[in-house]
Amino acid sequence: HGLRYREFRERWSGRSAGGADPIRTFPILFGEASSTELDDIARLTGGRSFDGRSADLRAVFREIRGYQ
């Protein structure tokens with residue numbers, strides 16, 4: 001069980017306010033997750049979201065690896 005959306009935003013806000021280096025996040029949408037929330041998390045962190053329900057996961061992970 002991970003963080004809820006609100007908890008993530010609160011922790012991220014505190015972390016980014018402290019001057020720490022940003023950690024890009026690349027959420028992958030599955031099941032009934034909110035695409036709006038995952039898109040927001042990706043934007044907030046400088047990452048990108050992916051739809052794991054329709055995309056080839058190997059290609060998704062290869063693309064994410066390319067951001068490193």
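Buried means under 20% relative accessible area, exposed over 50%, and partly exposed in between (1.4 Å probe, protein chains only). With that settled, here is what I looked up.

**Entry 1: ground rules.** I am working on a predicted model, where local features need pLDDT of at least 70 and side-chain atom pairs count only at pLDDT 80 or more, while totals for chains, interfaces and linings use all residues. I number residues from 1 along each chain as its sequence is written, and my side-chain values use heavy atoms, with hydrogens and water left out.

**Entry 2: salt bridges.** I count a salt bridge when a side-chain nitrogen of Lys or Arg is within 4 Å of a carboxyl oxygen of Asp or Glu. Searching the whole structure, I found five salt bridges.

**Entry 3: Arg-48 and Glu-63.** I checked this pair and found a salt bridge between the side chains, at 2.1 Å from N to O. The pair links distant parts of the chain, 15 residues apart: Arg-48 is in the loop between α2 and β2 (50-51), and Glu-63 is in helix α3 (residues 57-66). My helices (H or I, at least four residues) and strands (E, at least two) are DSSP runs, numbered from the N terminus. Glu-63 counts as partly exposed because its relative accessibility is 35%. Arg-48, at 33%, is partly exposed too.

**Entry 4: Asp-40 and Arg-43.** Next I looked within helix α2 (residues 35-45), where Asp-40 and Arg-43 are three residues apart and so separated by about one helical turn. They form a salt bridge, with the closest N and O atoms 3.9 Å apart. Which of the two is buried? I noted Asp-40 as buried, since its relative accessibility is 16%. Arg-43 is exposed at 61%.

**Entry 5: Asp-51 and Arg-53.** I also found a salt bridge joining Asp-51 to Arg-53, the closest N and O atoms being 3.0 Å apart. Asp-51 is partly exposed because its relative accessibility comes to 27%. Arg-53 has a relative accessible area of 52%, so I list this residue as exposed.

**Entry 6: Gly-31.** Where does Gly-31 lie? I placed Gly-31 in the loop between β1 (28-29) and α2. Its relative accessible area is 51%, which means Gly-31 is exposed. I then took the C-alpha to C-alpha distance from Gly-31 to Asp-51: they are 9.9 Å apart in space and 20 residues apart in sequence.
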